[in-house]
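This report describes selected features of one structural model. The sequence and structure are shown first, followed by the description.

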Amino acid sequence: MEKINAIIAEMNTVVSSPKKAVSAFKEETGKEAVGCLPVYCPEEIVHAAGILPVGMWGGQTALSKSHTYFPAFACSILQSAMEFALNGVYDNLAAVIIPAPCDTLKSFGQDWISAAPQVRSIPIVYPQMSRIEEGVEYLKSEFEIVKKAMEEISGETITDEALNNSIAVYNEYRKTMREFVKAAAEHLEIITPAIRHLLIKAAFFMEKGKHTSMMKELISELKAQPKVEYKGKKVVLTGIMAEPDSLLDLFAQNNMAVVADDLAHESRLFRTDVPDGEDGLERLARQWPLMEGCSLIYDPQKKRGQMLIDIVRENRADGVVLCMMKFCDPEEFDYPIFRKELEAAGIPLLYLEIDQQMPSAEQARTRIQSFAEMLDSM
Ligand code: SF4
C-alpha cells in the first residue's frame with residue numbers, strides 16, 4: 001500500500017497545482033507547453049515536437065470577467081477556462097489548440113483571439129462525416145496545420161519517426177489506462193471515486209510516458225493486493241465530466257463506487273487506439289472514424305445506449321449516473337435516446353447536473369442519497 005499511496009500523493013501534487021507541474025516540465029526540459037481544449041486533440045503531434053500537451057478543462061474559480069464573453073447559459077468548463085485566460089493563468093502556454101465540436105467551443109475559439117491575444121490559438125475542425133475518405137483527408141489537412149504550428153513553436157521538424165513514436169507512447173498510455181480502470185474495479189476499497197478521477201486527471205498535466213509508467217507500477221501494486229469484495233453499490237458514470245471532487249466524495253459517503261465510466265474527460269479519451277499504418281498524420285485521422293458513443297461525434301446509429309448497457313453488464317454495475325454538464329447541448333440531445341434504452345433494459349439511471357462552479361453539493365447529496373436508497377431496495 002505504501003507504493004500505491006506514494007503514487008496517489010505524487011499525482012495529487014500535480015493535479016492540485018497544474019501550473020507548477022507545467023513550469024517544472026518547462027524548466028526540466030527547456031521545452032514549451034501547449035493547451036488542449038476539450039474534447040479531442042491530436043496530442044501526439046504536440047508530443048512529437050517535445051512539447052507538453054496540457055488539458056484545459058476549466059476548474060473551480062469565481063466567474064466575473066468571463067461574463068463579458070459568455071452569457072450565463074454557457075457550460076461552466078468554458079466559462080472558467082475563459083476566466084482563467086482573462087486572468088493570465090494560461091500565459092505560460094506557447095499556444096492553445098481549440099477544437100470546435102459544439103457551438104460554445106466555436107464561439108470560444110473566436111473569443112480567444114481578443115480575450116487572450118498574447119497566447120496563440122490554433123483552431124481545429126473535426127469533420128462530422130468522418131467515415132468517408134474525404135473526411136479522413138480533410139482531418140489530415142487540419143492536422144498538417146497543427147504540425148506546422150508545433151514545428152514553429154519548437155523550432156524543430158517533426159519527422160515521421162518522431163510522430164509514430166509518439167503515437168506508440170499514446171497507444172501504450174491508452175492500453176494502460178484501460179487496464180487501470182479494470183484493476184480499479186477489482187479494488188474499489190482502495191480506488192475510491194475521487195482517487196480514480198485524480199489518477200486519470202493527472203495525465204492532463206504530465207508527459208504521457210511518465211504518467212503511463214507510474215500507472216503501470218500502480219496497477220501491478222493493485223494486483224498484488226488481496227481481493228476484497230465490495231459491499232456497496234457499483235455505478236457507471238456517463239457524460240462530459242464528474243467534478244468537483246466534493247461530488248465524487250458523495251458517492252463514497254453513500255457506499256457507491258465507480259466501477260467504469262463513459263466520460264469525455266476520462267474513458268472516452270483512451271478507449272480507442274490509433275490504428276496501425278506508416279503515415280502518422282493519416283493514422284491519427286483514421287482514429288476519428290473509429291470513435292463511437294460520444295455526443296460530440298456524429299453517430300446516426302446512436303450506439304451510446306447499447307454501449308452503456310454493455311458496460312453495465314460487463315462490470316455487474318447496479319446503475320448509471322448521468323453527469324449532465326449544465327448547458328451542454330450535445331449531451332442534452334443524447335440523453336432522451338439512451339434514457340429510453342436504459343429504461344427498457346431495466347437499468348436505473350440517476351440524472352445529476354454538473355456545474356464546476358457548484359457552490360455546494362447539497363442538492364446533489366439528496367439526489368445521490370435517494371438513488372443509493374433506491375438501489376438498496378432493489
Ligand atoms: S461541455 Fe458541452 S458545451 Fe461545454 S465545451 Fe464540452 S461539449 Fe461544448
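A residue is termed buried if 20 or more other C-beta atoms lie within 10 Å of its own, exposed if 12 or fewer do, and partly exposed in between, with C-beta atoms placed from the backbone. The model is predicted: local features need pLDDT of at least 70, side-chain atom pairs count only at pLDDT 80 or more, and totals for chains, interfaces and linings use all residues. Residues are numbered from 1 along each chain as its sequence is written.

Helices (H or I, at least four residues) and strands (E, at least two) are DSSP runs numbered from the N terminus. Helix H8, residues 193-201, is mostly covered, with 7 of its 9 residues buried. These are Pro193, Ala194, Arg196, His197, Leu199, Ile200 and Lys201. The cover over the buried residues of H8 includes helices H1 (2-16), H7 (160-186), H9 (208-224) and H10 (245-253), together with strand S6 (256-263); contact here requires C-beta atoms, placed from the backbone, within 7 Å.

## Packing of H4 and H5

The axes of H4 and H5 come within 11 Å and cross at roughly 10°. Axes are lines fitted to C-alpha atoms, for helices over the stretch in contact, and angles run from 0 to 180 degrees between N-to-C directions. H4 is therefore roughly parallel to H5 (under 35 degrees; over 145 is roughly antiparallel, 65 to 115 roughly perpendicular and the rest oblique). Leu78, Met82, Ala85 and Leu86 of H4 meet Thr104, Leu105, Phe108, Asp111, Trp112 and Ala115 of H5.

## The parallel sheet

Four strands form an open sheet in the order S2-S1-S3-S4, with parallel pairing (at least two DSSP bridges between two strands). S2 (52-55) and S4 (120-124) are at the edges, each with a single partner strand, so one side of each lacks a neighbour in the sheet. The twist averages 25° from one strand to the next.

S1 (33-36) and S3 (95-99) pair over 3 bridges, and Gly35 stands opposite Val96 in S3. Helix H6 (133-154) packs on the sheet, touching S1, S3 and S4, and its direction makes about 160° with that of S4.

Conventions: Two residues are in contact if their C-beta atoms, placed from the backbone, lie within 7 Å.
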